[in-house]
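User: I would like to learn how to read a protein model feature by feature. Could you take me through one, giving the general idea and then the case at hand?

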Amino acid sequence: MHKKVLFFDIDGTLIDHRYGIFEIPEEVRQEFRHLQKLGHRLFISSGRPKAMLDDSLLSAGFDGYILANGAYAETDHTVICEDRMDYELSLQMVRLLDDLACDYMIETAGHIYIDRRSESLYRFFSGLGQTHLFVRDFDKHEVLKRTLKIEVNVSEENRERVESHIRDHFGYVAAFDSHGTDHAFEIYSSTTSKATGIRKMLEHLGLSREDSYAFGDGINDMEMIQYCGTGIAMGNAVPKLKAVADLVCPPIHEHGMVRILRELFP
């Protein structure tokens with residue numbers, strides 16, 4: 001068998017807070033170890049920045065990471081790509097968010113920044129015990145020169161204006177699906193997706209697109225599900241993703257990941 005390379009989304013794919021699954025289940029970890037013993041390579045492919053990979057994810061033994069929706073990729077402690085957002089466009093976006101008093105956080109390759117004016121967003125993460133992840137005092141202009149992604153929460157009254165600005169200046173609107181609210185958006189370079197990060201990783205590794213597998217559940221998994229040789233949507237995935245996937249497996253809380261891995265790699 002050719003050596004395969006597998007790319008896994010995190011939220012809704014490997015873990016699911018809605019069902020009390022806060023860490024990768026041990027039965028899934030066992031399958032991962034089995035696959036790696038066979039010579040296959042396993043990667044996380046997530047919208048998260050690296051600062052949001054906790055110890056349970058970092059200790060799972062992945063061969064590398066595609067992060068910030070493909071803007072950042074690394075393997076063997078080597079950075080494969082770091083595709084930053086355009087500084088002027090980012091600055092315009094942040095100025096609009098500040099004018100509208102919208103909460104947002106700025107993500108770079110290694111850190112997450114939340115302005116002190118974004119109190120409700122900070123309180124939300126305080127409730128999750130994650131405030132240690134965030135830098136609150138920083139030079140916004142300097143940080144925007146290193147930005148990979150901006151996440152924003154907007155009010156009902158500001159949604160249309162913010163969405164229109166994103167579409168006009170970035171060419172698309174990446175809205176959260178079941179992991180967030182209808183008024184939460186991910187903003188990143190229009191030339192970036194999980195698929196572009198995966199393509200660069202495959203080129204670096206000298207591996208074939210046809211021998212790649214992608215597992216996901218959300219809208220931001222669309223490109224990688226279509227790009228990889230085999231795209232698998234979780235049973236809890238959004239309908240649009242299921243429609244383009246090669247396979248649909250049961251959700252993680254129904255042991256879907258273990259079942260599909262055993263089916264694909266008996």
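Analyst: We will go from the overall fold to single helices and residues. This is a predicted model, in which local features need pLDDT of at least 70 and side-chain atom pairs count only at pLDDT 80 or more, while totals for chains, interfaces and linings use all residues. Residues are numbered from 1 along each chain as its sequence is written, and side-chain values use heavy atoms, with hydrogens and water left out.

User: Good. How many helices and strands does the chain have?

Analyst: Helices (H or I, at least four residues) and strands (E, at least two) are DSSP runs, numbered from the N terminus. Here the chain has ten helices and 14 strands.

User: What does the radius of gyration of the chain tell me?

Analyst: The radius of gyration is taken over C-alpha atoms, and the globule rule is 2.2 Å times the number of residues to the power 0.38. For 266 residues, a compact globule would come out near 18 Å, and the chain agrees because its own value is 18 Å. The C-alpha trace spans about 55 × 35 × 35 Å along its principal axes.

User: And what percentage of the residues count as buried?

Analyst: Buried means under 20% relative accessible area, exposed over 50%, and partly exposed in between (1.4 Å probe, protein chains only). By that scale, 54% of the 266 residues count as buried. Of the contacts with a separation of 6 or more, 59% are between residues 24 or more positions apart.

User: How many positive and negative side chains are there?

Analyst: Lys and Arg count as positive and Asp and Glu as negative; His and the chain ends are not counted. The place of a charge is taken as NZ of Lys, CZ of Arg, CG of Asp or CD of Glu. This chain has 30 positive and 43 negative side chains, and the centres of the two sets lie 2 Å apart.

User: Now a single helix, please. How does the reach of H7 compare with the expected one?

Analyst: The expected span of a helix is 1.5 Å times one less than its number of residues. Helix H7 covers residues 194-205, and its twelve residues reach 16 Å from first C-alpha to last, close to the 16 Å expected. Its buried residues include Ala195, Ile198, Met201 and Leu205. Leu202, also in H7, is buried with a relative accessible area of 3%.

User: Which residues does Leu202 touch?

Analyst: Not counting residues up to four places away in sequence, Leu202 touches Val5, Phe7, Leu207, Ser208, Arg209, Ser212 and Tyr227. Ser212 is ten residues from Leu202 along the chain, and their C-alpha atoms are separated by 8.6 Å. Just after H7, Gly206 takes a positive phi of about 70 degrees.

User: One more helix residue, then. Is Leu96 buried or exposed?

Analyst: Leu96, in helix H3 (residues 87-99), is buried with a relative accessible area of 9%. Beyond its neighbours within four places in sequence, Leu96 is in contact with Arg161 and His165.

User: And where is Gln130?

Analyst: Gln130 is in the loop between helix H4 (119-127) and strand S8 (134-135), and at 24% relative accessibility counts as partly exposed. Gln130 and Met52 are 78 residues apart in sequence, with their C-alpha atoms 8.9 Å apart in space.

Key:
Contact = heavy atoms within 4.5 Å.
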